[in-house]
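The sequence and structure come first, followed by the notes.

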Amino acid sequence: MTDARKPAGSGQGAGGDAARPGSGVAAARARLERAILQTRLSLLWEQAWPLLQSVLITLALYVGLSWLGLWSLLPSWLSVIAALGFLALAVRAALPLLRLRLPGRAEALSRIERVSGLSHRPLATLDDRLFEGSESAETRAMWDVHRRRASAALASVRTDLPSPQAFRRDPFALRVLAVMLLLVGYFVAEGSHLSRLSPVAGAGPQVAAIPARIDAWITPPVYTGRAPVFLTGATAELREPGKAISVPEGSEVIVRAQGVDDLAVLLVSPEGTVNLAEPPAGETGEGEVAAPRVAANTTGDGLRSRLEASAALEIRDGDTVLHAWQVAVEPDEAPTIRLLDDPEEQLSGALKLTYLMQDDYGIVGARADIRPAQRLNQDSGAAIRPLVEAPSFPLSPAAGERRTGTGETIRDLTSHPWAGSEVELVLSVTDHAGQTGYSQPHRFTLPQRRFAKPLARAVVEQRRELALDANSQVRVLDAMDGLMLAPDVFGEKVRTYLGMRFARGQLVAAQSDDELREVVDLLWELALNIEDGDLSAAERALRDAQEALRRALEDGASDEEIARLTEELRQALNEYMQALAEQMRQNPQAMQPMDPNAQNLRPQDLDEMLSRIEELARNGSRDAARELLAQMQRMLENLQAGRPQQMPDGMTQEMMQALNELGQMIQRQQELMDQTNRFDQDQRQQQGQQGQQGQQGQQGPQQGQMTPEELAEALRQLQEGQGQLGERLQQLLDQMARNGMPSNEELGRAGEEMGNARDSLGQGQPGDAVGQQGNALDALRRGAQGMAEQMFGQGQGQGEGPGMAGRQGSPMDEDPLGRPRRTEGPDFGDRVRVPDEIDVQRARRILEELRRRFSDPSRPMLELDYLERLLRRY
């Protein structure tokens with residue numbers, strides 16, 4: 001048998017053969033025909049869609065860019081060229097579409113057989129027929145069997161969806177960019193979608209006319225702290241009509257307008273009229289007014305101008321006045337500064353200035369300038385030629401945010417070459433507006449260091465004369481020759497004489513002002529070595545360290561810088577105290593007799609003050625730290641006026657140990673009272689929370705709070721500590737009795753209060769214990785003070801102890817250091833007023849709470865702004 005395959009519709013035999021199997025075969029054939037048609041269409045779509053996608057991407061890019069307003073940004077000729085380029089790309093992408101043809105039946109059958117999983121092409125068999133002349137019965141029977149087997153495959157015929165795989169023709173995913181541009185451009189070109197498609201129309205003229213709107217306001221300078229004044233808007237309607245608007249000098253008027261064709265903003269004053277919309281003229285003729293500096297920008301920041309004088313502000317559209325206001329400018333007065341007292345010389349020779357600074361909006365900075373009072377040489381009458389610069393230093397600002405009020409500055413100028421000469425002092429102060437005010441010149445003698453040795457005084461005098469006038473070099477050289485006569489007669493040391501000879505040789509060899517300045521410095525070092533030896537270097541290092549720390553506190557240095565400078569000051573202080581002790585040991589007769597009521601300045605006191613300064617600065621209390629530093633500086637200055645007092649004859653080693661032990665008890669009782677107070681607050685807070693939990697439902701303890709068991713354990717430990725302290729006091733009383741010391745009722749009362757506090761802590765009543773501990777602390781202090789008075793014999797013949805004198809302001813209550821007087825022994829807590837630990841901890845807790853609230857973004861913006869202003873200084 002030979003096969004010959006032709007299309008079913010090409011002859012009658014095929015149609016007749018198809019009808020023989022019966023109605024089931026006919027239905028299957030009909031389903032096959034539909035599948036063939038669907039598959040041919042799918043094949044056509046797979047060929048057409050990749051080509052059509054390229055055309056659509058090109059059109060989408062054009063439409064999206066047009067909606068975004070590309071043509072309005074390009075010149076017309078470039079827009080047309082770009083549009084033609086898009087058209088050429090679209091035509092090029094569409095040309096292959098013209099060559100598309102519908103796929104044939106054989107391609108469709110092959111696709112169906114592959115999708116249906118049929119082998120040996122059974123569907124093509126259904127289109128086959130026998131050759132002409134092969135119509136025998138056996139052949140026909142076999143053919144029918146073959147056709148029936150092939151027809152069974154019609155039941156499993158399936159088709160699939162088109163799979164064009166268009167992404168292969170778009171490897172750069174331009175289709176995503178095209179869709180994005182369409183979406184964005186659609187919303188951008190709202191109301192002008194069709195008009196923007198033209199490359200020559202542009203987007204500008206098609207936009208609807210902008211309605212007329214004018215916004216005007218006046219912004220005062222930031223340093224005034226005043227709010228902007230809105231000239232237009234809802235708030236402006238609340239202003240009284242016709243009333244002048246008062247603003248500070250230097251305020252800036254800002255006008256923004258849209259929809260106004262011929263805008264003119266005029267400042268009309270008696271001196272003339274200024275149009276802010278016109279650029280300032282380079283030169284002004286007679287009768288014209290120089291225009292202020294303005295930024296003529298109506299689309300960005302608007303029109304701006306500073307207001308220096310009162311004027312009428314008018315906004316016009318051509319000749320039509322749209323708005324008009326009368327602006328009254330408040331003048332910014334220049335700052336003032338004056339001395340409250342004459343410059344005061346401290347015991348150390350430092351210069352103390354007390355002054356009053358005033359300004360309407362605050363002070364930026366102040367300085368003190370010193371100039372020579374004598375400007376002509378007394379011998380020749382020629383102008384003097386100073387070798388060194390005139391002293392000039394910044395003044396410490398007054399307390400407060402505005403830095404106005406009374407200020408005080410202590411500056412050591414004893415090492416300056418002009419020290420000891422008559423000078424003029426002029427104070428200057430500058431405000432935020434750049435205005436400077438000056439004080440009246442004040443003539444006085446610049447404090448100098450007091451030299452006890454005549455040779456040192458003579459060397460310093462020649463140094464001052466040379467520094468004030470370089471023309472006096474020959475006269476100073478003659479004086480140096482006179483000072484070096486007969487050194488053996490005056491008992492000069494060898495190193496002093498050698499230093500004098502070296503200084504004279506340098507003075508003779510000096511040919512320029514720079515070399516003369518080196519001689520000036522050399523003479524100062526020579527005088528210091530003659531007078532004090534190594535002490536002067538330690539004193540100078542101490543003052544330099546104090547000045548560095550003071551400047552760091554004023555300038556807002558970091559905590560690390562403050563800690564470093566504090567440590568340097570501590571080291572310089574230790575070296576100074578050692579040098580001072582060495583000088584006292586070598587020259588005890590040079591010390592002046594002391595008042596027997598004076599006290600010692602212990603290194604522990606100074607170290608405590610340094611630690612408190614560092615802690616206050618770290619917690620943000622820079623003003624308190626500066627004040628404490630100034631207090632320590634005054635104490636050190638007063639140190640030169642006294643020496644340690646001698647111990648009373650009746651003071652024994654056992655008495656001193658008892659007094660020190662009592663001082664330690666006072667500190668321990670203070671610590672126990674602080675801890676009890678803190679636990680009492682925790683207990684009250686827990687009781688309040690338990691009451692709220694009873695109403696809202698049981699909840700666990702909040703994070704950071706102690707549980708009732710932990711609180712009970714803490715109170716038990718406090719009870720043990722309080723009991724041990726009471727036993728310690730009783731042992732001290734017993735030892736005092738054995739040593740024959742008189743009984744002290746205050747110490748006995750302190751022991752009773754300690755026992756009551758211990759019992760209250762055992763009963764879980766920290767609130768009662770706090771009051772009892774406070775009574776015990778007061779009794780301890782009174783008892784210790786009474787003991788000290790008895791030991792030193794200070795209460796005899798005066799009618800009152802030093803503690804009472806201190807409360808009444810007796811002069812005997814102050815020691816040469818300017819502090820409340822106390823006796824030898826430990827510190828009982830009533831000495832120099834340094835912020836105690838409770839104040840520091842309270843300040844730290846307040847600062848932490850402010851920071852916690854500021855970090856909470858759920859709080860109102862008004863509260864967050866307020867918290868930011870509070871924390872800005874810390």
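Leu263 stands opposite Asp317, a residue of strand 10. The model is predicted. The points below place this residue pair in its sheet and then turn to a contact between two helices.

**Strand pairing**
- Strand 7 covers residues 263-269 and strand 10 covers residues 311-317.

- An open sheet is formed by five strands, and its order is 5-11-10-7-8.
- Pairing within this sheet is mixed.
- Strand 5 (245-248) and strand 8 (272-275) are the edge strands, each pairing on one side only.
- On average, neighbouring strands of the sheet are turned by 30° against each other, with direction ignored.

**Helix 19 and helix 20**
- Helix 19 spans residues 708-738 and helix 20 spans residues 745-762; their axes come within 9 Å and cross at roughly 160°.
- Because angles over 145 degrees count as roughly antiparallel, helix 19 is roughly antiparallel to helix 20.
- The crossing of helix 19 and helix 20 is left-handed.

**Residues in the helix contact**
- From helix 19, the contact includes Leu715, Leu718, Gln719, Gln722, Gly723, Leu725, Gly726, Leu729, Leu733 and Met736.
- On the helix 20 side, they meet Leu747, Ala750, Gly751, Met754, Ala757, Arg758, Leu761 and Gly762.
- Sorted by class, the contact of helix 19 with helix 20 has eleven nonpolar, six polar and one charged residues.

Notes: Residues numbered from 1 in each chain as written. Predicted model: local features only at pLDDT ≥ 70, side-chain atom pairs only at ≥ 80, totals over all residues. Heavy atoms only, no water. Pairing = 2+ DSSP bridges. Helix = DSSP H or I, 4+ residues; strand = E, 2+ residues; numbered from the N terminus. Axes fitted to C-alpha atoms, helices over the stretch in contact; angles between N-to-C directions. Parallel < 35°, antiparallel > 145°, perpendicular 65-115°, else oblique. Left-handed = near helix turned anticlockwise from the far one by under 90°. Contact = heavy atoms within 4.5 Å. Nonpolar A, V, L, I, M, F, W, Y, C, P; charged D, E, K, R; others polar.
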